[in-house]
Amino acid sequence: MQKINNFETYLEKNYYNNIFEAIKTYMKEHKNSLGVYSYVVLDMSYIELDDIHVKSVCFHQDEGNLLNFSASVQADVILKGIGTRDYEADQQSVWFTVDFTGYLLAGLNLVTIRGVDLYSKDRFNEEDSLSKFLVPYLYAKNLDAEATKFLEKYYKKALKTPMPIKMEELLENMCLEIKYAPLEDNIFGKTYFTDADVEICDINKKNVRREHIEAGTILVNPGIYFMRNVGSMNNTVVHECVHWDRHSNFFELQRLLNNEISHISCEVVEEYGSETKGINDALKWMEWQANALTPHILMPAEMTKVKFKEILSNTRRAYPATRSAIIAEFAIQSLADFFDVSVVSAKIRLVELGFDFVEGTCVYLDGKYYPPYSFKIGSLKKNQTFIIDVKSAVIETTFNQELGELAHSGSIIYANGMYCINDEKYVTRSKDGIPILTDYALEHVDECCLVFDRKIRVSSKYDDSYYRVCFLCRDIKSDNIVEATYDKDYKNNQNVVERAEEIRKSKALLKESIKIQKDIAGMEFYECLEYHMKRRGITEEQLAQRSGLSVRAVGDYHRMDKNIQLPTVLALCIGLNLKPEYCYSLIDKAGYSLKATEEHMVYRFLIDNHTDENLTSWNDTLSDFGIKQQLPDNRKRDV
């Protein structure tokens, strides 16, 4: 079995004599222009090549399997001549560039040295340069151009007329074959670049059979399609086709160095560790290329624009009285069906193509879908969003003083996954009492909702660019992390905040709030609790039922000064449906303050946004965050 660490070692081992003779010839022909200097030999009369060392190689792509590459070679030379005292000898190093051509197919064949010259740094050309692992360079700015090249070779008609790419036809054009077989966990596909005998198991992974797989075969795992809900079967197939088209040289090089390699495996990954180096970096880079190019191939830029505009126009004519955001969402779904891709893939592709307004469609957050929304074009800058998930909302209102004050004061409220001005023009209540945006707000989100700087991470390792360009994640419905931060200086936020403050100050309820706060200012906890019960018209029996406490316990708490636990105080607050300011007052009178712990952060979020709900919904939210503490406590009791 042949196993060599790198191509430099392979080249020196197999072509040492050829390189040695080529450099030796060059030295004879250019003896006086080698630029060799010695403090020992002052007048050189003799120079001899002693040894060579291949230090690095630069690769350039040519047609097919033809490969051009340049080796940087350190040559040890012996100098002889008149010295300071007598005839002297010295050893120096001279660097050369040796240019080669060869055919990389089932080994490196027909290797020819094209020329030798003194070393000069190889000029990088993004058009034909290859990495040291023979992976072609690819930049985000060139994704559409590279996808066009791919389609011109294998599916040219998709560049002339909008159409879905038929996988069977694409595979036939590329002379590839597809087979379905359960693969190892997380492996969604394997592309075989050479014949191999492999073990394949049945769908239950119990019975194993040995099968001969020919080069040009793609094995697809039917249980783990690429990117799960973000992608589709088509994503998997095109992803593997990209490997075959762009990365055969990588495989041939690896096979040259290790003849046991037969295929490339593609995973649904959770993370690439930052410590990955060398070959792992090359594999990561190839996956990025296949991931990034796949949606650009399935949805070519110009044809996607043409088809989406057509669908959008037809939909607007068919439903003239329908909200524009709903029209856009329907058009995206139709476009996804047309190109046979997922809705999420279609949405992200359209954003890349400049249709910014689709940001407000197909909104999926914290396990549920929200109605689509519209906003004035230009309201969002790059990496900004109106959407913020519950976890980020809890964190931001805890650690961002400005946003926390807005939420605690009631100027803004969390609805539809956004922080909105708390006014009946923009916010109403669902049948379940949950704050939701009005139709007017959904059509004018930029007028009433705050903007957040966003960084979407599909795991703790992936950032927004990886998600948006590669479409790569296990399950965006459960694993994605949205890091959203509030910027009080952003102009749109300043406008919304000013409007929110004006509305809040104009409400007559403010007077009532001031009066109540004055009334309870000097009260003890039990006096304050009794005051709110009378003000709200709630009896001991009713409060006991609404707070999960016994009637006797409620009576004790509002008649006498008695020690009380924080979860019990919170249960009384939601039982009375107290406004946030009264909840914080009651908590303070009980001798507590909310800290920056995860449990207390969730308490603060519930108080700021959900005091119109009930004990059950609060406990459900605590459970959703993985907090074991329940209200009023964790004991089962009979009331």
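Keep in mind that the model is predicted.

Start with the rings. Searching the whole structure gives 26 aromatic pairs. One of them is Tyr-26 with Phe-96, an edge-to-face pair with centres 5.8 Å apart and 80° between the planes. Tyr-26 sits in helix H1, residues 7-29, while Phe-96 belongs to strand E3, residues 87-104, so this pair links distant parts of the chain, 70 residues apart. Tyr-26 counts as buried, since its relative accessibility of 10% falls under the 20% cut-off. Phe-96 is buried too, at 0%.

Next, Tyr-419 and Phe-452. This pair is tilted, at 6.4 Å centre to centre and 45° between the planes. Tyr-419 is in strand E16, residues 418-421, and Phe-452 is in strand E19, residues 452-457, so the pair ties together parts 33 residues apart in sequence. Both residues are buried.

There is also a cluster: ring pairs connect Phe-7, Tyr-10, Tyr-15, Phe-59, Phe-69 and Phe-100.

On to the lysine. Lys-307 lies over the face of Phe-338, 4.4 Å from the ring centre.

Last, the alanine. Where is Ala-215? Ala-215 is in the loop between strand E9 (208-213) and strand E10 (217-220). Its relative accessible area is 37%, which makes Ala-215 partly exposed. Leaving aside residues up to four places away in sequence, Ala-215 touches Tyr-192, Phe-193, Thr-194, Asp-195 and Trp-244. For Ala-196, 19 residues away along the chain, the C-alpha separation from Ala-215 is 7.7 Å.

Key. Residues numbered from 1 in each chain as written. Predicted model: local features only at pLDDT ≥ 70, side-chain atom pairs only at ≥ 80, totals over all residues. Heavy atoms only, no water. Helix = DSSP H or I, 4+ residues; strand = E, 2+ residues; numbered from the N terminus. Buried < 20%, exposed > 50% of the residue type's maximum accessible area, 1.4 Å probe, protein only. Contact = heavy atoms within 4.5 Å. Phe/Tyr/Trp six-rings, centres within 6.5 Å; stacked < 30°, edge-to-face > 60°. Lys NZ or Arg CZ within 6 Å of the ring centre and 35° of its normal.
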